Amino acid sequence: MLFNLFNFTKRNTSLLALLLLVSPFMQADWFALNMTRGSTNISNEVFELHMLIFWICVAIGVIVFSVMFYSMWAHTKKKNPVPAKFHENHKLEIAWTIIPFLILIAMAVPASKTLVKIYDDEAGDINIQVTGYQWKWQYRYLEDDVSFFSNLSTDLDEIYNLVPKGENYLQEVDEMVVIPAGKKVRFLITANDVIHSWWLPAFAIKQDAIPGFVNTAWTIVDEPGIYRGKCTELCGKNHGFMPIVVKVVEQAEYDEWVFAKKQEAIKLAELTTKEWTAAELVERGESIYEVNCVACHQTSGQGISGIFPALAGSDIVMNKKDRNIEILMEGVQGAAMNSFSYLSEVELAAVITYTRQSWGNAEKGDGEIVIPKDIVDYKEPKI
Amino acid sequence: MSAVIENHHDDHDHGPAKGITRWLYTTNHKDIGTLYLWFSFAMFLIGGAMAMIIRAELFQPGMQIVEPEFYNQMITLHGLIMIFGGVMPAFVGLANWLVPMMIGAPDMALPRMNNLSFWILPFAFFILLSSLFMEGGAPNFGWTFYAPLSTTYAPPSVTFFIFSVHIMGASSIMGAINVVVTIMNMRAPGVTLMKMPLFVWSWLITAYLLIAVMPVLAGAVTMMLMDIHFGTSFFNAAGGGDPVLFQHIFWFFGHPEVYIMILPAFGIVSHIIETFSRKQLFGYSSMVWAMLSIAILSFVVWAHHMFTVGLPLAAEIFFMWATMLIAVPTGVKVFNWVATMFRGSLTFETPMLFAVAFVVLFTIGGLSGLMLAIVPADFQYHDTYFVVAHFHYVLVPGAIFSIMAAVYYWIPKWSGNMYDERLGKLHFWLSFIGVNVTFFPQHFIGLAGMPRRYPDYALIFADWNMVSSIGAFLFGFSQLLFLFIVIKTVMGGKKATDQVWEGAKGLEWTVASPAPYHTFSTPPKVD
């Protein structure tokens with residue numbers, strides 16, 4: 001889906017030229033100059049702290065530079081041909097060591113106090129495990145057994161300047177994290193592959209998502225609304241394309257949402273036992289491929305030479321069904337291919353079938369399909 | 001300080017060899033200094049070209065010029081080349097030219113090693129740049145190469161990157177040992193430690209920092225090599241390793257590295273401000289102590305680069321306070337420069353313009369650094385363009401302006417010719433405007449919420465990104481003027497006097513201009 005240069009040739013290039021000219025001015029924002037005031041008590045406190053140290057720094061700068069600029073104006077060779085002889089003055093030197101020291105303490109004390117408040121790792125009313133993947137976020141609601149992925153939903157054509165960019169360009173996802181207003185929500189942040197970082201400016205939360213570690217952060221948001229954030233640790237090529245969107249709703253709406261998510265999960269479980277045809281699996285698999293696989297293996301199934309292997313014409317994909325399943329379940333040690341065992345049985349069966357049936361693989365290989373039961377059997381081997 | 005006593009009895013005295021072998025086999029500190037300086041300038045242009053690609057892509061939202069994959073290779077190589085190929089070799093080149101002349105020594109203490117430490121550098125960068133043409137592309141994990149992105153998930157060229165870093169490290173360590181041995185053993189009689197010029201002091205401290213931390217970097221990349229090829233799991237959580245360990249090791253190298261790139265600048269700027277103020281430096285000994293304190297503190301602040309990795313509260317507070325403490329000796333330096341200028345007799349030739357701009361813009365970078373030390377606020381600043389603005393303010397109008405100031409200041413001594421003052425001032429003003437138009441708006445972009453290392457961004461950041469790119473093009477192309485000025489000066493121009501600058505003090509100004517191939521074969525007498 002993302003970054004397929006071939007898309008360029010299919011589109012109207014004169015439209016592109018026009019949009020290149022006008023697009024940046026449609027949303028002119030010369031006033032995006034400062035940190036925005038936060039939406040929680042903590043983020044407000046952080047904003048105040050930021051403004052305090054900012055003005056202290058401005059004051060120091062103004063004092064130092066005005067002495068210097070005065071000297072540059074008043075003590076030129078023309079106006080002051082004979083330089084003064086003074087050097088070293090212990091009183092002055094002690095003063096300019098002690099005074100900055102006191103200013104620093106004045107800054108560090110409130111900062112430490114705020115920090116202590118942020119470092120509260122008590123459990124929340126709601127606990128959500130956040131897992132970073134290349135290049136998407138997974139959210140798992142620990143109390144409710146609800147789990148889903150959140151992917152960038154901005155269209156590729158917007159990124160490649162083929163259509164006008166929407167209001168929330170690069171800040172929109174296919175599924176938002178929903179949390180209730182006024183409740184303490186704790187995030188348990190980790191990663192599956194490389195290091196990511198979960199940043200939500202309005203909550204003043206930025207915590208690195210590190211494989212093998214669980215970092216915590218918490219928030220209480222009173223105002224319902226939609227809050228947007230981003231990944232802030234370089235995590236590979238689509239680092240800039242895995243935004244975060246949190247939707248804060250009233251408790252009642254939240255409960256409804258949780259109920260609906262649970263119903264969805266039950267429906268999905270039913271699908272596992274259904275009789276599948278190849279065409280149905282391929283259709284379902286294509287959309288899963290576009291979300292999970294295309295960034296590396298590409299729409300064409302050709303991969304990227306030297307980094308990401310091609311699936312089109314691959315012996316494993318064409319002829320070795322069992323190994324094919326194993327790779328998706330376990331990943332490939334020492335390579336960028338991770339385990340995708342977090343996908344459902346239906347999703348896994350569909351996406352494997354899609355790769356085995358596409359790009360001429362079915363004709364060249366054995367053409368067998370994989371059904372959800374194959375995945376269930378892999379997970380629970382018969383004794 | 002007294003004049004040189006020329007020695008006319010030295011039968012072995014000879015000029016430079018002819019042709020290419022002069023440069024290949026040279027053990028002369030001046031030749032090696034020249035090699036280092038030209039090499040660093042070449043790297044500055046290559047790294048700068050990459051910056052132009054980055055800013056061109058960021059000129060507008062959307063992907064226009066490069067793919068994200070290649071963009072990541074550009075930011076990685078830009079950082080590595082500018083740090084290890086641009087700034088560091090330029091300072092080593094200055095040290096080679098100036099340290100022996102400033103302390104009255106005939107050459108560096110270890111001339112053969114000096115030759116080696118330079119000539120392995122081009123190979124290191126050849127290897128690094130060649131990775132652009134390898135299958136899978138060049139390193140794409142940022143100059144900080146955090147594991148596991150740089151190990152399990154790296155392109156195959158990472159092995160060449162590791163080898164290249166090893167060579168750079170070896171070169172730096174050899175260069176640093178040479179500086180330490182020279183300063184400790186070859187000072188002319190009377191040049192006591194507390195009489196050494198500040199540039200020599202700054203390099204002595206820098207050299208110790210290099211010797212302390214370059215092996216740590218070598219250790220980090222070796223552990224990566226083991227993880228990638230020999231089945232270890234230093235940084236692989238799945239094998240019981242620890243990705244955060246990598247960051248601790250890296251920044252234990254990385255933070256002193258930051259001071260390696262700024263301490264020699266402190267030395268240079270102190271000389272230039274003293275000269276063009278025609279007044280003695282306000283506090284020599286406090287300047288020395290400030291540099292020593294900064295160097296020592298640089299070993300206990302590394303984790304301020306890691307406030308968001310989930311450190312325990314006590315660690316966050318310790319590293320916040322320790323980091324803020326650095327503002328005290330840094331402030332002492334800035335106040336000293338201002339006090340030196342105060343009631344001096346100031347003129348503003350090109351080196352002084354660069355030095356004054358250094359003081360102002362480095363201070364701005366220092367103040368934003370102080371803001372970044374405040375942990376709760378850093379949660380908002382970390383890994384945004386605010387950080388990019390901060391470290392470019394200390395590195396471009398900091399380190400790089402000081403190098404340019406040094407070139408304008410000492411090139412009459414090196415070449416025997418004065419540079420063109422009008423062109424020099426033009427170069428300064430273009431660079432000064434360019435640097436501020438480029439990097440000042442990045443404070444806004446960062447505070448408004450744009451993360452660094454993003455090839456594309458939300459529309460709210462569009463306007464200031466465009467301004468920043470325009471500034472970057474101005475700054476980038478102005479540097480071709482610098483190249484022209486340097487070549488013009490080397491080729492000819494108004495002859496320089498031995499003293500060159502009215503207010504200049506120090507042994508290097510007592511020798512002829514251009515400095516003879518061998519200086520101080522017999523040590524000068526210093527009171």
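This is a short exchange about a predicted model and the reasons behind its labels.

Reader: Why is Arg453(B) called buried?

Author: A residue counts as buried if 20 or more other C-beta atoms lie within 10 Å of its own. Arg453(B) has 22 such neighbours, so Arg453(B) is buried. Arg453(B) sits in the loop between helix H16 (421-447) and H17 of chain B.

Reader: What makes the phi of Arg453(B) worth a remark?

Author: Most residues other than glycine have a negative phi. Arg453(B) is not a glycine, yet its phi is positive, about 60 degrees.

Reader: Is Phe520(B) buried or exposed?

Author: The cut-off for buried is 20 or more other C-beta atoms within 10 Å. Phe520(B) has 24, so Phe520(B) is buried.

Reader: How do you know that the bond from Ser513(B) to Pro514(B) is cis?

Author: By its omega, which is near -5 degrees. Pro514(B) belongs to the segment after helix H17 (462-491) of chain B.

Reader: Which residues of H4(A) are buried?

Author: Among them are Trp96(A), Pro100(A), Ile103(A), Leu104(A) and Met107(A). Ala108(A), Ala111(A), Thr114(A) and Leu115(A) are buried too.

Reader: What covers them?

Author: The cover includes helix H3 (41-74) of chain A. It also includes H11, H12 and H14 of chain B.

Reader: How many residues of chain B are in contact with chain A?

Author: 87 residues of chain B are in contact with 86 residues of chain A. Several helices of chain B each supply at least two residues of that side, including helix H3 (68-103), helix H8 (243-260) and helix H13 (350-373). By class, the chain B side has 55 nonpolar, 21 polar and 11 charged residues.

Reader: Which residues have the most contacts inside the largest nonpolar core?

Author: They are Val269(B), Phe358(B) and Ala405(B), in a core of 255 residues.

Reader: Why is this core said to lie between two domains of chain A?

Author: Domain 1 (41-118) and domain 2 (126-262) of chain A both give residues to it, so the core lies between them.

Reader: What does Phe358(B) touch?

Author: A contact needs C-beta atoms within 7 Å. Leaving out residues up to four places away in sequence, Phe358(B) touches Ala265(B), Val269(B), Pro397(B), Gly398(B), Phe401(B), Ser402(B) and Ala405(B). A second, separate core has 18 residues, including Tyr289(A) and Ile369(A).

Reader: Where does UniProt place the "domain: Cytochrome oxidase subunit I profile"?

Author: The unreviewed UniProt entry places this feature at residues 23-527 of chain B. That span is 68% helix and 0% strand. Its end C-alpha atoms lie 36 Å apart.

Notes
Residues are numbered from 1 along each chain as its sequence is written. Chains are lettered from A and ligands numbered from 1 in the order in which they are written. This is a predicted model: local features need pLDDT of at least 70, side-chain atom pairs count only at pLDDT 80 or more; totals for chains, interfaces and linings use all residues. UniProt positions are given in the numbering used here, feature names are shortened, and annotations may be inferred rather than shown by experiment. Helices (H or I, at least four residues) and strands (E, at least two) are DSSP runs, numbered from the N terminus. A nonpolar core is a set of buried Ala, Val, Leu, Ile, Met, Phe, Trp, Tyr and Cys residues joined through C-beta atoms within 7 Å. A residue is buried if 20 or more other C-beta atoms lie within 10 Å of its own, exposed if 12 or fewer, and partly exposed in between; C-beta atoms are placed from the backbone. Domain bounds come from an automatic or database domain assignment. Two residues are in contact if their C-beta atoms, placed from the backbone, lie within 7 Å. Ala, Val, Leu, Ile, Met, Phe, Trp, Tyr, Cys and Pro count as nonpolar, Asp, Glu, Lys and Arg as charged, and the others, Gly among them, as polar.
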